[in-house]
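Please look over the sequence and the model below before reading on.

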Amino acid sequence: MNPDDGRQLALCPWLNKVPGEEKYLCGIYYDRPDDCKHYPVTIEQMMDDECEMLEVKDLRNPRQAQKDLDKLMADSRPALEQ
Ligand code: SF4
């Protein structure tokens with residue numbers, strides 16, 4: 001939400017385009033909120049968000065994909081309770 005007018009923002013205000021490149025970086029990466037540090041938490045969440053990092057094998061076996069995601073994110077967030 002925009003604190004000035006209360007409208008929903010289309011993009012995070014901290015997402016900055018790298019000049020001259022088709023690339024974006026977080027402008028507050030080291031101080032980003034926990035939600036950002038922990039995202040994505042679940043494969044279901046990635047599906048809901050239409051995450052382009054999901055592969056066909058993840059959709060075919062979401063249980064294994066969740067295990068792989070938990071391993072990948074182990075340093076960034078606590079793993080889900082099994
Ligand atoms: S990581 Fe979080 S704060 Fe940084 S650009 Fe993405 S949504 Fe915004």
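Into which domains is the protein chain divided? The chain has domain 1, covering 1-32, and domain 2, covering 39-74; these bounds come from an automatic or database domain assignment. Between the C-alpha centres of domain 1 and domain 2 the separation is 24 Å.

The structure is a predicted model, in which local features need pLDDT of at least 70, side-chain atom pairs count only at pLDDT 80 or more, and totals for chains, interfaces and linings use all residues. Residue numbers start from 1 along each chain as its sequence is written. The average pLDDT (the predictor's confidence in each residue, from 0 to 100) of the protein chain is 90, and 94% of the residues score at least 70. Confidence is lowest in α1, with a mean of 90, and highest in α3, with 96.

**Overall fold**

Four helices and two strands make up the secondary structure of the protein chain, in the sequence order β-β-α-α-α-α. The protein chain is more spread out than a compact globule, because its radius of gyration is 15 Å, well over the 12 Å that the globule rule gives for 82 residues. Helices (H or I, at least four residues) and strands (E, at least two) are DSSP runs, numbered from the N terminus. The radius of gyration is taken over C-alpha atoms, and the globule rule is 2.2 Å times the number of residues to the power 0.38.

Along its principal axes, the C-alpha trace spans about 40 × 30 × 25 Å. Of the 82 residues, 4% count as buried. A residue is buried if 20 or more other C-beta atoms lie within 10 Å of its own, exposed if 12 or fewer, and partly exposed in between, with C-beta atoms placed from the backbone. Among contacts between residues at least 6 apart in sequence, 27% join residues at least 24 apart; a contact requires C-beta atoms, placed from the backbone, within 7 Å.

**Ligand surroundings**

Around the ligand are C12, W14, L15, C26, I28, R32 and C36, where a residue is near if its C-beta atom, placed from the backbone, lies within 6 Å. This shell has six nonpolar, no polar and one charged residues. Ala, Val, Leu, Ile, Met, Phe, Trp, Tyr, Cys and Pro count as nonpolar, Asp, Glu, Lys and Arg as charged, and the others, Gly among them, as polar.

**Individual residues**

| Residue | Other C-beta atoms within 10 Å | State |
|---|---|---|
| H38 | 12 C-beta atoms | exposed |
| E50 | 7 C-beta atoms | exposed |

H38 is found in helix α1. Not counting residues up to four places away in sequence, H38 touches S76 and R77. H38 and E55 are 17 residues apart along the chain, and their C-alpha atoms are separated by 20 Å.

The loop between α1 (34-38) and α2 holds P40, which a cis peptide bond joins to Y39, with omega about -5 degrees. Helix α2 (residues 43-48) contains E44. From E44 to Q66 the distance is 8.9 Å, C-alpha to C-alpha, across 22 residues of sequence.

E50 is found in the loop between α2 and α3 (56-60). Its phi is near 55 degrees, a positive value in a residue other than glycine. Most residues other than glycine have a negative phi, and most peptide bonds are trans.

Notes:
Two residues are in contact if their C-beta atoms, placed from the backbone, lie within 7 Å.
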